[in-house]
Amino acid sequence: MSTFDISTIVQQLRQVRDHWREQQNRTDPGHREFPARAAIAQALEGLKGVLYPLRLGPPDLRHASEDFYVGHTLDTALQVLQTQAQIELHYRHRSTGAAAQDHSALALQTVQAFAQQLPRLRQLLDTDVLAAFHGDPAARSVDEVVLSYPGVLALIHHRIAHAFYRLDLPLLARIVAELAHGQTGIDIHPGAQIGPGCFIDHGTGVVIGETAVLGQNVRIYQAVTLGAKRFPKDAQGHLQKGWARHPIVEDDVVIYAGATILGRVTIGQGAVIGGNVWITEDVPAGAHVSQASLRQAVEHSGGAGATAPVAAAPLPATTARVAA
């Protein structure tokens with residue numbers, strides 16, 4: 001006999017759920033409605049082992065049984081993902097009124113297409129691993145990077161999530177991305193396009209928005225935001241979705257800790273963005289932007305009240321010029 005009033009709480013919770021479902025025009029479909037976060041997490045652990053078997057696979061794995069492990073684990077993970085993809089397709093059909101399809105066949109086709117991308121995805125991740133190893137003087141080996149760096153973990157999840165996003169499974173993709181977000185504090189929307197050789201150092205607090213585009217060999221430090229400057233609304237007052245609203249970061253750019261870059265601006269190739277700056281306009285290729293350089297730009301353009309070329313917010317009192 002429970003010491004708590006369980007039956008009353010259960011009844012009240014059902015009333016709350018029924019009220020929510022009535023508001024959302026939900027009916028009982030008679031089967032699982034939503035992809036299962038726990039199932040996707042389990043499949044992701046398997047995929048990470050498939051991609052890096054001897055480092056992210058089981059502790060007793062050896063070279064001799066590597067292919068067997070990869071084959072068995074991959075098949076298991078893909079079966080789980082096929083089921084979750086089918087659930088997402090059912091969900092989208094119910095919630096959007098999309099045209100009826102054979103969701104089972106489409107889920108299989110989609111996950112097969114994802115599986116074919118895995119060798120290329122591993123090659124892409126290797127460029128990220130090397131970028132972290134070469135970009136961090138504290139890194140002792142590429143193995144240390146794969147086993148322990150949060151930026152690499154976030155990029156493994158992102159590369160997988162982005163593949164699902166491009167295959168039109170945005171809910172699966174978002175769950176994959178948010179699993180890494182919860183573990184690392186690095187928030188990368190699965191729609192973001194990130195070129196090879198990306199290095200997210202330290203990483204906590206990094207935010208990369210859905211329509212951001214990053215070129216090759218981009219290096220980002222902690223607490224950097226690549227975000228949107230404004231959020232237009234439609235005639236009903238709802239936020240418009242899908243339009244390009246995040247920065248373009250070209251090849252070989254370095255963005256130091258705490259920098260905020262907002263809107264569909266372009267950071268030119270080889271530019272260096274210093275810590276804690278606020279940028280809302282294009283930065284030319286090769287430029288070095290720091291709080292000190294922005295302050296000088298304000299002074300040269302007519303005093304403290306003038307608008308800096310690449311900043312749209314007051315600058316802090318403390319300055320530190322970024323070294324070339």
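Me: How much space lies in the largest pocket?

Reply: This is a predicted model, in which local features need pLDDT of at least 70, side-chain atom pairs count only at pLDDT 80 or more, and totals for chains, interfaces and linings use all residues. Residues are numbered from 1 along each chain as its sequence is written, and side-chain values use heavy atoms, with hydrogens and water left out. On a 1 Å grid over the protein atoms alone, a pocket is an open set of points with protein on both sides within 12 Å along at least five of seven lines, a cavity is a set where a 1.4 Å probe fits but cannot get out, and lining residues have an atom within 4 Å of a point. Grid points are joined across faces, edges and corners, and a volume is the space filled by probe spheres set on the points. Here the largest pocket holds about 290 Å³. Its lining has 18 residues, and His189, Glu210, Phe231, Arg245 and His246 are the closest to its centre.

Me: Which residues line the largest cavity?

Reply: The lining consists of Ala154, His157, His158, Ala177, Ala180, Ile186 and Ile188. This largest cavity has a volume of about 40 Å³, and the structure holds 1 cavity of 30 Å³ or more.

Me: Which element gives the most to that lining?

Reply: Helices (H or I, at least four residues) are DSSP runs, numbered from the N terminus. Helix 8 gives the most to the lining of the largest cavity, namely 3 residues.

Key: Helix = DSSP H or I, 4+ residues; strand = E, 2+ residues; numbered from the N terminus.
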